[in-house]
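Dear colleague,

Please find below the structure I promised to pass on to you. My notes on what was found in it follow directly after.

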Amino acid sequence: MDFDPAAVKAAVSVDADLRDRWRREWGLLMDLAVWGDLRSSQIGLSGKLHKRVLEFGERLRSYGSDRSWIPHPREQIKNALSTSLQARESLEKVSEITDQFSDGADLAALRAVWEAVSAALMADIVMREERLVQLLNQQYQEEV
């Protein structure tokens, strides 16, 4: 049996308003990471933060991208799961670095923005992955 196109589209698509919100929040996060007053005793930590936040933005963009150009529904689902995993990994990397900063006028703001962005994204990832896995499992059960 084929996948239900509406169910696949709902599972792999991120709402445009949510994608726009994440873009704005990532911009604020990037601004704080690059221009914010953040201090650490570790040399090079600011550069690592810049790199990881930029990478996170790229993963976030991929996570929220349109997958309608992918011809087969199963491949759309697999692509969505793959970008979800990449977003999770990027979340962990940024979290590790933000925890290593010890001081600075913008540290509290950076952590507050980061916690809001990461919590909202993880909630979406968990919900979306559950739906995607359910679709795949449903397909495999019908093939057996």
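Arg88 and Glu129 form a salt bridge through their side chains, with a nitrogen-to-oxygen distance of 2.7 Å. Arg88 belongs to helix H4 and Glu129 to helix H5, so this pair ties together parts that are 41 residues apart in sequence. With a relative accessibility of 26%, Arg88 counts as partly exposed, whereas Glu129 is buried, its relative accessible area being 17%. Please bear in mind throughout that this is a predicted model.

The overall architecture is as follows. The protein contains 5 helices and 0 strands, and the order of elements from the N terminus is α-α-α-α-α. Taken along the principal axes, its C-alpha atoms fill a box of roughly 60 × 25 × 20 Å. Of the 144 residues in the protein, 38% are buried.

I return now to the charged pairs. How many salt bridges does the structure hold? There are 7, and the pair described above is one of the salt bridges in the model. As a general point, side chains of opposite charge can pair when their charged atoms come close.

A second salt bridge to note joins Asp103 and Arg39, whose closest N and O atoms are 3.6 Å apart. Asp103 lies in the loop between H4 and helix H5 (107-143), and Arg39 in the loop between H2 and helix H3 (45-63), so the contact ties together parts that are 64 residues apart in sequence. Asp103 counts as partly exposed, at 42% relative accessibility, and Arg39 likewise counts as partly exposed, at 43%. Both residues also take part, together with Asp37, in a network of salt bridges.

The side chains of Arg21 and Glu25 meet in a salt bridge, at 3.1 Å from N to O. Why are Arg21 and Glu25 separated by about one helical turn? They are 4 residues apart in helix H2 (residues 16-35), which means a separation of about one helical turn. The general rule is that an α-helix has 3.6 residues a turn, so residues three or four places apart point the same way. Arg21 counts as partly exposed, because its relative accessibility is 31%.

Between Leu28 and Ser62, which are 34 residues apart in sequence, the C-alpha to C-alpha distance is 19 Å.

Turning to helix H3, its 19 residues reach 26 Å from the first C-alpha to the last, close to the 27 Å expected at 1.5 Å a residue. Which residues of H3 are buried? They are Leu45, Leu49, Val53, Glu55, Phe56, Gly57, Leu60 and Tyr63.

Helix H4 (residues 73-98) can be checked in the same manner. At 1.5 Å a residue, its 26 residues should span 38 Å, and its end C-alpha atoms are 37 Å apart, which agrees.

A negative surface patch is formed by Glu89, Glu92, Glu96, Asp99 and Glu115. Which element gives the most to the negative patch? H4 does, with 3 residues; Glu96 is found in this helix.

Finally, in helix H5, there is Glu130. This residue is exposed, with a relative accessible area of 58%. Glu130 and Ala11 are 119 residues apart in sequence, yet their C-alpha atoms are 9.2 Å apart in space.

With kind regards

Terms used. Residues numbered from 1 in each chain as written. Predicted model: local features only at pLDDT ≥ 70, side-chain atom pairs only at ≥ 80, totals over all residues. Heavy atoms only, no water. Helix = DSSP H or I, 4+ residues; strand = E, 2+ residues; numbered from the N terminus. Expected span 1.5 Å × (residues − 1). Patch = residues over 30% accessible without salt bridge, like charges linked within 9 Å, V, L, I, M, F, W, Y side chains within 5 Å. Areas by Shrake-Rupley, 256 points an atom, 1.4 Å probe, with all protein chains shown as cover. Salt bridge = Lys/Arg side-chain N within 4 Å of Asp/Glu carboxyl O. Lys, Arg positive; Asp, Glu negative; His and termini not counted. Charge placed at Lys NZ, Arg CZ, Asp CG, Glu CD. Buried < 20%, exposed > 50% of the residue type's maximum accessible area, 1.4 Å probe, protein only.
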